[in-house]
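Here are a few friendly notes to read with the model open beside you.

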Amino acid sequence: MNLAAWLDGSPPDGREQARSFEQALVLIVAVEYWCRALPRAAELPPSLWAGTGLVSVAAAVVLWAPWRRTGLLALAVAHASVMAIEFPASGNHAYLELIFLLLLAFVDTARSKERRLFLRAGRWIVCVVLAASGIQKIAHGYYTHGQFLSYTLSIETYRAVLAPLLPTAEAARLAALDGTVGAGPYRVSSALFVGVSRGVCAAEIALAPLLVLPATRMLALVATVLLLLAIEAGAREVFFGLVMINAVLLFGPASAQRLFVLVVAATLAGLLLIRTGVLPEVVFN
């Protein structure tokens, strides 16, 4: 039995889906660089300005020029170079972006067999990321009794999402903690809060096999997107969220992936307007 074939979509061709995924990914990576550069423009080192420029040019080549695979490779190299300069400060999602960029650069999605290979690989990556994330949370132990989520209540964006799950006094106590050594305790009495914390771990692990099985795939796709949106409502890691949703949609129909390119373009335009001061400030990273 070919286990990889379980992840083939319908229709199996996937030409439009692969191209839409690529377009969304490239837009996300390029705009992320500008959203990071603009707030610290006066102090940004020349090397990072150069990296931002190279990423932008390479992204333009991928989107509009016939030699898109060369552009993808250039984009991957520029992205990897900036990550090396910033190491170890690069976000985890930067590595995920790099993996997808290299996959697209070295697998020719213009060819049917290689395109199928890309789609299978992309879908398996989603399953691995989800399952590994849930297992890691359990291994570290800070989700078992809600300690990590309790710790994040000192951050305004998390507090707005999580405080309603706690008694008012307990939410106020946790929000007042500054995270220094000796602060705490971060244990909570709310069964609902602890249940949500444990539920995140369980959901991430369970969704991976549910995405693999054709019978549960569409339900799992919707559930995964909703889970990501719920997490990002507090974390505000917008670029990671967009990259992951883009990848999760590889399990869905090509029409959803095409529509998501428009959603990504509109969202990124809004983020750039926020960073340039045209729109009111909103916390995101």
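This is a predicted model: local features need pLDDT of at least 70, side-chain atom pairs count only at pLDDT 80 or more; totals for chains, interfaces and linings use all residues.

1. Helix 1 and helix 5 cross in a left-handed way (the near helix is turned anticlockwise from the far one by less than a right angle; clockwise would be right-handed).

2. Residues are numbered from 1 along each chain as its sequence is written, and side-chain values use heavy atoms, with hydrogens and water left out.

3. Which residues make the contact between helix 1 and helix 5? Helix 1 brings Arg-15, Gln-17, Ala-18 and Phe-21, while helix 5 brings Arg-115, Phe-118 and Arg-123 (contact means heavy atoms within 4.5 Å). By class, this contact of helix 1 with helix 5 has three nonpolar, one polar and three charged residues.

4. Now to the rings: the model has six aromatic pairs (ring centres within 6.5 Å; planes under 30 degrees apart are stacked, over 60 edge-to-face, the rest tilted). One of them, Phe-21 with Phe-118, is tilted, at 5.6 Å centre to centre and 55° between the planes. This pair links distant parts of the chain, with Phe-21 in helix 1 and Phe-118 in helix 5, 97 residues apart. Both Phe-21 and Phe-118 are buried (under 20% relative accessible area, with a 1.4 Å probe and protein chains only). Ring pairs also join Phe-21, Phe-100 and Phe-118 into a cluster.

5. Do take a look at helix 11 (residues 238-248): nine of its 11 residues are buried, so helix 11 is largely enclosed by the rest of the structure. Among the buried ones are Phe-239, Leu-242, Met-244 and Asn-246. Their cover includes helix 1, helix 4 (92-106), helix 5, helix 10 (217-235) and helix 12 (254-275).

6. Finally, the axes of helix 9 (residues 191-212) and helix 10 come within 8 Å and cross at roughly 150°. Helix 9 and helix 10 are therefore roughly antiparallel to each other, and their crossing is left-handed. Residues in contact include Leu-207 and Leu-211 of helix 9, and Leu-221 and Leu-227 of helix 10. By class, the contact of helix 9 with helix 10 has 10 nonpolar, one polar and two charged residues.

Methods. Helices (H or I, at least four residues) and strands (E, at least two) are DSSP runs, numbered from the N terminus. Ala, Val, Leu, Ile, Met, Phe, Trp, Tyr, Cys and Pro count as nonpolar, Asp, Glu, Lys and Arg as charged, and the others, Gly among them, as polar. Buried means under 20% relative accessible area, exposed over 50%, partly exposed in between (1.4 Å probe, protein chains only). Axes are lines fitted to C-alpha atoms, for helices over the stretch in contact, and angles run from 0 to 180 degrees between N-to-C directions. Angles under 35 degrees count as roughly parallel, over 145 as roughly antiparallel, 65 to 115 as roughly perpendicular and the rest as oblique.
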